[in-house]
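Please examine the sequence and the structure shown below. The text that accompanies them begins with the ligand and then turns to the aromatic rings.

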Amino acid sequence: MNAKPEELYLDLLKKTLSFTLWPEPPIPIDTLNSSRPAVKKAVIAAIAKTLRLKHLQLVKQRAITTKDREEGRIWPGYADTMIGLRRLDNLQFCVETAIRERIEGDFIETGVWRGGACILMRACLVAHGVHDRRVYVADSFEGLPKPDAGKFPCDKDDKHHTHTFFAVSQREVEDNFRRYGLLDDQVVFLKGWFKDTLPTAPIEKLAVLRLDGDMYESTMVALTSLYPKLSRRGFCIIDDYALPGCRQAVDDFRADHRINGEMAVVDWSGRYWQKE
Ligand SMILES: C[S@@+](CC[C@H](N)C(=O)[O-])C[C@H]1O[C@@H](n2cnc3c(N)ncnc32)[C@H](O)[C@@H]1O
(Lines give C-alpha, C1' and ligand atoms only; values in the text may rest on other atoms or scores of the structure.)
Protein backbone atom coordinates (compact mmCIF):
# COMPACT_ATOMS: atom_id res chain seq x y z
CA MET A 1 0.00 0.00 0.00
CA ASN A 2 1.84 3.09 -1.27
CA ALA A 3 -1.02 5.60 -1.13
CA LYS A 4 -0.56 8.57 1.19
CA PRO A 5 -3.17 9.18 3.93
CA GLU A 6 -4.48 12.33 2.19
CA GLU A 7 -5.00 10.37 -1.07
CA LEU A 8 -6.88 7.66 0.80
CA TYR A 9 -8.98 10.29 2.63
CA LEU A 10 -10.02 12.03 -0.58
CA ASP A 11 -10.68 8.72 -2.32
CA LEU A 12 -12.89 7.53 0.53
CA LEU A 13 -14.64 10.91 0.62
CA LYS A 14 -15.55 10.74 -3.09
CA LYS A 15 -17.04 7.27 -2.61
CA THR A 16 -18.95 8.46 0.45
CA LEU A 17 -20.24 11.68 -1.14
CA SER A 18 -21.43 9.75 -4.20
CA PHE A 19 -22.81 6.95 -1.97
CA THR A 20 -21.11 4.44 -4.28
CA LEU A 21 -19.64 2.51 -1.33
CA TRP A 22 -23.13 1.09 -0.80
CA PRO A 23 -25.93 -0.21 -3.03
CA GLU A 24 -28.55 2.43 -3.98
CA PRO A 25 -31.33 2.00 -1.41
CA PRO A 26 -34.98 2.14 -2.48
CA ILE A 27 -36.50 5.65 -2.30
CA PRO A 28 -39.79 6.70 -0.63
CA ILE A 29 -42.49 6.71 -3.34
CA ASP A 30 -43.03 10.45 -3.12
CA THR A 31 -39.33 11.41 -3.54
CA LEU A 32 -39.61 12.14 -7.28
CA ASN A 33 -43.28 13.10 -7.14
CA SER A 34 -42.80 16.41 -8.95
CA SER A 35 -42.17 14.52 -12.24
CA ARG A 36 -45.61 12.82 -12.07
CA PRO A 37 -48.95 13.96 -13.55
CA ALA A 38 -51.15 15.95 -11.13
CA VAL A 39 -53.66 13.24 -10.12
CA LYS A 40 -51.04 10.53 -9.62
CA LYS A 41 -48.93 13.02 -7.67
CA ALA A 42 -51.82 13.87 -5.32
CA VAL A 43 -52.71 10.20 -4.70
CA ILE A 44 -49.10 9.24 -4.00
CA ALA A 45 -48.58 12.25 -1.71
CA ALA A 46 -51.72 11.31 0.26
CA ILE A 47 -50.65 7.66 0.62
CA ALA A 48 -47.14 8.62 1.70
CA LYS A 49 -48.48 11.13 4.24
CA THR A 50 -50.95 8.65 5.74
CA LEU A 51 -48.31 5.95 6.08
CA ARG A 52 -45.84 8.36 7.69
CA LEU A 53 -48.38 9.07 10.43
CA LYS A 54 -48.09 5.37 11.29
CA HIS A 55 -44.26 5.43 10.98
CA LEU A 56 -44.46 3.41 7.77
CA GLN A 57 -42.98 4.08 4.37
CA LEU A 58 -43.74 2.71 0.92
CA VAL A 59 -40.56 2.64 -1.17
CA LYS A 60 -39.65 2.09 -4.79
CA GLN A 61 -36.66 0.02 -5.90
CA ARG A 62 -35.38 1.67 -9.08
CA ALA A 63 -33.62 -0.29 -11.81
CA ILE A 64 -30.25 1.46 -11.53
CA THR A 65 -26.87 -0.06 -12.40
CA THR A 66 -23.56 0.53 -10.62
CA LYS A 67 -22.31 2.08 -13.86
CA ASP A 68 -25.23 4.57 -13.93
CA ARG A 69 -24.35 5.66 -10.42
CA GLU A 70 -20.60 5.89 -10.96
CA GLU A 71 -21.16 7.88 -14.14
CA GLY A 72 -23.57 10.33 -12.45
CA ARG A 73 -26.52 9.48 -14.70
CA ILE A 74 -29.20 9.28 -11.97
CA TRP A 75 -30.92 11.50 -9.45
CA PRO A 76 -29.66 9.76 -6.32
CA GLY A 77 -31.78 9.19 -3.26
CA TYR A 78 -29.06 9.47 -0.64
CA ALA A 79 -25.80 10.71 -2.20
CA ASP A 80 -24.58 14.22 -1.36
CA THR A 81 -23.69 14.80 -5.01
CA MET A 82 -25.17 13.62 -8.31
CA ILE A 83 -22.07 14.24 -10.47
CA GLY A 84 -20.63 10.72 -10.26
CA LEU A 85 -17.07 9.53 -9.69
CA ARG A 86 -15.43 10.66 -12.97
CA ARG A 87 -16.53 14.28 -12.48
CA LEU A 88 -15.47 14.16 -8.81
CA ASP A 89 -12.05 12.87 -9.95
CA ASN A 90 -11.87 15.74 -12.45
CA LEU A 91 -12.77 18.29 -9.76
CA GLN A 92 -10.07 16.94 -7.46
CA PHE A 93 -7.56 17.05 -10.33
CA CYS A 94 -8.38 20.71 -11.12
CA VAL A 95 -8.28 21.82 -7.48
CA GLU A 96 -5.03 19.96 -6.74
CA THR A 97 -3.39 21.28 -9.91
CA ALA A 98 -4.41 24.83 -8.95
CA ILE A 99 -2.86 24.35 -5.50
CA ARG A 100 0.33 22.66 -6.77
CA GLU A 101 0.92 25.12 -9.62
CA ARG A 102 -0.03 28.15 -7.50
CA ILE A 103 -2.82 29.25 -9.82
CA GLU A 104 -4.25 32.17 -7.87
CA GLY A 105 -7.75 32.38 -6.48
CA ASP A 106 -10.64 30.78 -4.70
CA PHE A 107 -12.94 27.97 -5.84
CA ILE A 108 -16.64 28.18 -6.65
CA GLU A 109 -19.46 25.92 -7.71
CA THR A 110 -22.59 27.59 -9.11
CA GLY A 111 -25.39 25.07 -8.52
CA VAL A 112 -24.55 22.88 -5.54
CA TRP A 113 -27.72 20.88 -4.70
CA ARG A 114 -26.76 18.90 -1.52
CA GLY A 115 -23.25 20.38 -1.60
CA GLY A 116 -21.13 17.26 -2.27
CA ALA A 117 -18.83 18.77 -4.92
CA CYS A 118 -18.15 21.81 -2.71
CA ILE A 119 -17.48 19.53 0.26
CA LEU A 120 -14.83 17.75 -1.83
CA MET A 121 -13.19 21.11 -2.70
CA ARG A 122 -13.07 22.09 0.98
CA ALA A 123 -11.61 18.66 1.83
CA CYS A 124 -8.85 19.13 -0.78
CA LEU A 125 -7.84 22.35 0.99
CA VAL A 126 -7.67 20.49 4.31
CA ALA A 127 -5.74 17.57 2.80
CA HIS A 128 -3.12 19.94 1.40
CA GLY A 129 -2.98 22.30 4.41
CA VAL A 130 -4.25 25.33 2.45
CA HIS A 131 -5.65 28.10 4.66
CA ASP A 132 -5.73 31.08 2.29
CA ARG A 133 -8.34 29.97 -0.25
CA ARG A 134 -12.10 29.85 0.06
CA VAL A 135 -14.83 27.68 -1.37
CA TYR A 136 -17.88 29.65 -2.60
CA VAL A 137 -21.17 27.76 -2.52
CA ALA A 138 -23.67 29.48 -4.85
CA ASP A 139 -27.29 28.39 -5.12
CA SER A 140 -30.86 29.61 -4.72
CA PHE A 141 -31.30 26.72 -2.26
CA GLU A 142 -34.83 26.65 -3.73
CA GLY A 143 -34.22 24.80 -7.00
CA LEU A 144 -34.00 26.21 -10.52
CA PRO A 145 -35.62 29.43 -11.76
CA LYS A 146 -38.65 29.60 -14.05
CA PRO A 147 -37.49 30.20 -17.61
CA ASP A 148 -37.04 33.84 -18.62
CA ALA A 149 -37.83 33.17 -22.27
CA GLY A 150 -37.75 36.87 -23.18
CA LYS A 151 -34.08 37.14 -22.29
CA PHE A 152 -33.06 33.51 -22.81
CA PRO A 153 -35.22 31.92 -25.55
CA CYS A 154 -33.26 28.65 -25.29
CA ASP A 155 -34.85 28.04 -21.86
CA LYS A 156 -38.41 28.49 -23.20
CA ASP A 157 -39.60 24.92 -22.52
CA ASP A 158 -37.25 24.14 -19.66
CA LYS A 159 -38.98 22.14 -16.91
CA HIS A 160 -36.22 22.02 -14.29
CA HIS A 161 -38.05 24.55 -12.06
CA THR A 162 -40.93 22.08 -11.60
CA HIS A 163 -38.70 19.54 -9.83
CA THR A 164 -38.77 20.12 -6.08
CA PHE A 165 -36.06 17.42 -5.87
CA PHE A 166 -33.53 20.17 -6.71
CA ALA A 167 -34.62 22.40 -3.84
CA VAL A 168 -32.22 21.76 -0.96
CA SER A 169 -32.11 24.41 1.75
CA GLN A 170 -28.94 26.22 2.82
CA ARG A 171 -29.46 24.72 6.27
CA GLU A 172 -29.33 21.18 4.85
CA VAL A 173 -26.19 21.97 2.87
CA GLU A 174 -24.52 23.49 5.94
CA ASP A 175 -25.48 20.38 7.91
CA ASN A 176 -23.89 18.23 5.20
CA PHE A 177 -20.60 20.17 5.46
CA ARG A 178 -20.81 19.85 9.26
CA ARG A 179 -21.31 16.07 9.09
CA TYR A 180 -17.94 15.81 7.33
CA GLY A 181 -16.31 18.24 9.80
CA LEU A 182 -15.74 20.76 6.99
CA LEU A 183 -17.90 23.80 7.81
CA ASP A 184 -15.83 26.84 8.75
CA ASP A 185 -15.02 30.35 7.55
CA GLN A 186 -13.22 29.06 4.45
CA VAL A 187 -16.70 28.15 3.18
CA VAL A 188 -18.81 31.10 1.93
CA PHE A 189 -22.47 30.75 0.95
CA LEU A 190 -23.95 32.90 -1.84
CA LYS A 191 -27.70 32.44 -1.50
CA GLY A 192 -30.08 33.64 -4.20
CA TRP A 193 -30.71 33.56 -7.94
CA PHE A 194 -27.45 33.75 -9.86
CA LYS A 195 -28.58 36.89 -11.69
CA ASP A 196 -28.81 38.64 -8.28
CA THR A 197 -25.79 37.15 -6.47
CA LEU A 198 -23.04 36.45 -9.01
CA PRO A 199 -22.54 39.86 -10.69
CA THR A 200 -21.75 41.45 -7.31
CA ALA A 201 -20.25 38.45 -5.49
CA PRO A 202 -17.40 39.49 -3.17
CA ILE A 203 -14.86 37.40 -5.08
CA GLU A 204 -11.54 38.80 -6.31
CA LYS A 205 -10.00 35.91 -8.19
CA LEU A 206 -10.92 32.32 -8.97
CA ALA A 207 -8.71 29.34 -9.68
CA VAL A 208 -11.59 26.91 -10.26
CA LEU A 209 -15.00 27.87 -11.64
CA ARG A 210 -17.39 24.91 -11.69
CA LEU A 211 -20.74 25.45 -13.38
CA ASP A 212 -23.64 23.13 -12.60
CA GLY A 213 -26.84 25.15 -13.12
CA ASP A 214 -28.29 23.02 -15.96
CA MET A 215 -30.10 25.84 -17.85
CA TYR A 216 -28.98 28.37 -20.48
CA GLU A 217 -29.60 31.33 -18.14
CA SER A 218 -27.86 29.74 -15.18
CA THR A 219 -24.80 28.86 -17.24
CA MET A 220 -24.61 32.17 -19.15
CA VAL A 221 -25.06 34.37 -16.05
CA ALA A 222 -22.33 32.43 -14.22
CA LEU A 223 -19.93 32.66 -17.17
CA THR A 224 -20.58 36.36 -17.79
CA SER A 225 -20.24 37.27 -14.10
CA LEU A 226 -17.34 35.05 -13.09
CA TYR A 227 -15.18 34.12 -16.09
CA PRO A 228 -13.47 37.57 -16.02
CA LYS A 229 -12.36 36.73 -12.45
CA LEU A 230 -10.83 33.39 -13.42
CA SER A 231 -7.01 33.51 -13.28
CA ARG A 232 -4.88 32.65 -16.29
CA ARG A 233 -4.54 28.84 -16.35
CA GLY A 234 -7.56 28.68 -14.00
CA PHE A 235 -10.04 25.87 -14.67
CA CYS A 236 -13.53 26.34 -16.07
CA ILE A 237 -15.54 23.15 -15.53
CA ILE A 238 -18.91 22.50 -17.19
CA ASP A 239 -21.04 19.79 -15.60
CA ASP A 240 -23.99 19.82 -18.00
CA TYR A 241 -22.63 19.90 -21.54
CA ALA A 242 -25.05 17.02 -22.31
CA LEU A 243 -28.01 19.38 -21.67
CA PRO A 244 -28.95 21.45 -24.74
CA GLY A 245 -29.47 24.75 -22.84
CA CYS A 246 -26.15 24.57 -21.03
CA ARG A 247 -24.31 23.44 -24.16
CA GLN A 248 -25.70 26.37 -26.16
CA ALA A 249 -24.73 28.88 -23.45
CA VAL A 250 -21.17 27.51 -23.31
CA ASP A 251 -20.84 27.53 -27.11
CA ASP A 252 -22.26 31.08 -27.34
CA PHE A 253 -19.99 32.40 -24.59
CA ARG A 254 -16.89 30.79 -26.06
CA ALA A 255 -17.71 32.13 -29.54
CA ASP A 256 -18.43 35.67 -28.24
CA HIS A 257 -15.17 35.72 -26.27
CA ARG A 258 -13.08 33.97 -28.92
CA ILE A 259 -12.18 31.10 -26.59
CA ASN A 260 -10.87 28.62 -29.13
CA GLY A 261 -8.84 26.13 -27.06
CA GLU A 262 -10.34 22.65 -27.08
CA MET A 263 -12.56 21.54 -24.25
CA ALA A 264 -11.32 18.37 -22.55
CA VAL A 265 -13.88 15.58 -22.18
CA VAL A 266 -14.41 14.38 -18.60
CA ASP A 267 -17.23 11.95 -19.31
CA TRP A 268 -20.57 11.84 -21.19
CA SER A 269 -21.55 15.27 -19.76
CA GLY A 270 -18.52 16.93 -18.15
CA ARG A 271 -16.10 19.24 -20.00
CA TYR A 272 -13.36 21.63 -18.90
CA TRP A 273 -10.71 23.97 -20.20
CA GLN A 274 -7.92 26.10 -18.77
CA LYS A 275 -8.07 29.84 -19.39
CA GLU A 276 -5.34 31.12 -21.71
C1 LIG B 1 -28.02 19.67 -10.88
S2 LIG B 1 -28.10 20.54 -9.41
C3 LIG B 1 -26.38 20.68 -8.96
C4 LIG B 1 -25.71 19.36 -8.59
C5 LIG B 1 -24.51 19.51 -7.70
N6 LIG B 1 -23.46 20.27 -8.31
C7 LIG B 1 -23.98 18.19 -7.20
O8 LIG B 1 -22.78 18.13 -6.89
O9 LIG B 1 -24.74 17.24 -7.06
C10 LIG B 1 -28.45 22.17 -9.95
C11 LIG B 1 -28.47 23.21 -8.84
O12 LIG B 1 -28.39 24.49 -9.43
C13 LIG B 1 -29.22 25.41 -8.72
N14 LIG B 1 -29.55 26.47 -9.69
C15 LIG B 1 -29.74 26.32 -11.02
N16 LIG B 1 -29.95 27.50 -11.61
C17 LIG B 1 -29.89 28.44 -10.64
C18 LIG B 1 -29.99 29.87 -10.65
N19 LIG B 1 -30.24 30.54 -11.78
N20 LIG B 1 -29.84 30.53 -9.49
C21 LIG B 1 -29.60 29.85 -8.34
N22 LIG B 1 -29.48 28.49 -8.26
C23 LIG B 1 -29.63 27.78 -9.41
C24 LIG B 1 -30.39 24.56 -8.24
O25 LIG B 1 -30.98 25.10 -7.09
C26 LIG B 1 -29.70 23.19 -7.96
O27 LIG B 1 -29.30 23.10 -6.62
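The model is predicted. In this model, the ligand sits in the largest pocket. Around the ligand there are 21 residues, of which Thr 81, Met 82, Asp 139, Asp 212 and Ser 218 come nearest. Sorted by class, this shell comprises 10 nonpolar, 7 polar and 4 charged residues.

A polar backbone atom of Met 82, one of the nearest residues, is 2.8 Å from an oxygen atom of the ligand. Nitrogen atoms of the ligand also take part: one lies 2.9 Å from a backbone N or O atom of Gly 111, and a polar backbone atom of Ser 140 is 3.1 Å from a nitrogen atom of the ligand. The ligand taken alone exposes 610 Å², and the protein buries 99% of that area.

Turning to the aromatic residues, the count comes to 14 aromatic pairs. A pair of aromatic rings is described by the distance of the centres and the angle of the planes. For Trp 75 and Phe 165, the ring centres are 5.6 Å apart and the planes stand at 10 degrees, so the pair is stacked. Trp 75 lies in the loop between α3 (66-70) and α4 (84-100), and Phe 165 in the loop between β4 (135-139) and α6 (170-179); the pair therefore ties together parts that are 90 residues apart in sequence.

Technical notes. Residues are numbered from 1 along each chain as its sequence is written. This is a predicted model: local features need pLDDT of at least 70, side-chain atom pairs count only at pLDDT 80 or more; totals for chains, interfaces and linings use all residues. Side-chain values use heavy atoms; hydrogens and water are left out. A residue is near a molecule or strand if one of its heavy atoms lies within 4 Å of it. A polar contact is a pair of N or O atoms within 3.5 Å; within protein, one must be able to donate a hydrogen and the other to accept it, and residues adjacent in sequence count only if both atoms are side-chain atoms. Accessible areas come from the Shrake-Rupley method with a 1.4 Å probe; for residues, only the protein chains shown count as cover. On a 1 Å grid over the protein atoms alone, a cavity is a set of points where a 1.4 Å probe fits but cannot get out, and a pocket is an open set with protein on both sides within 12 Å along at least five of seven lines; lining residues have an atom within 4 Å of a point. A molecule sits in a cavity or pocket if more than half of its atoms lie within 2 Å of its grid points. Ala, Val, Leu, Ile, Met, Phe, Trp, Tyr, Cys and Pro count as nonpolar, Asp, Glu, Lys and Arg as charged, and the others, Gly among them, as polar. Rings of Phe, Tyr and Trp (its six-membered ring) pair if their centres lie within 6.5 Å; planes under 30 degrees apart count as stacked, over 60 as edge-to-face and the rest as tilted. Helices (H or I, at least four residues) and strands (E, at least two) are DSSP runs, numbered from the N terminus.
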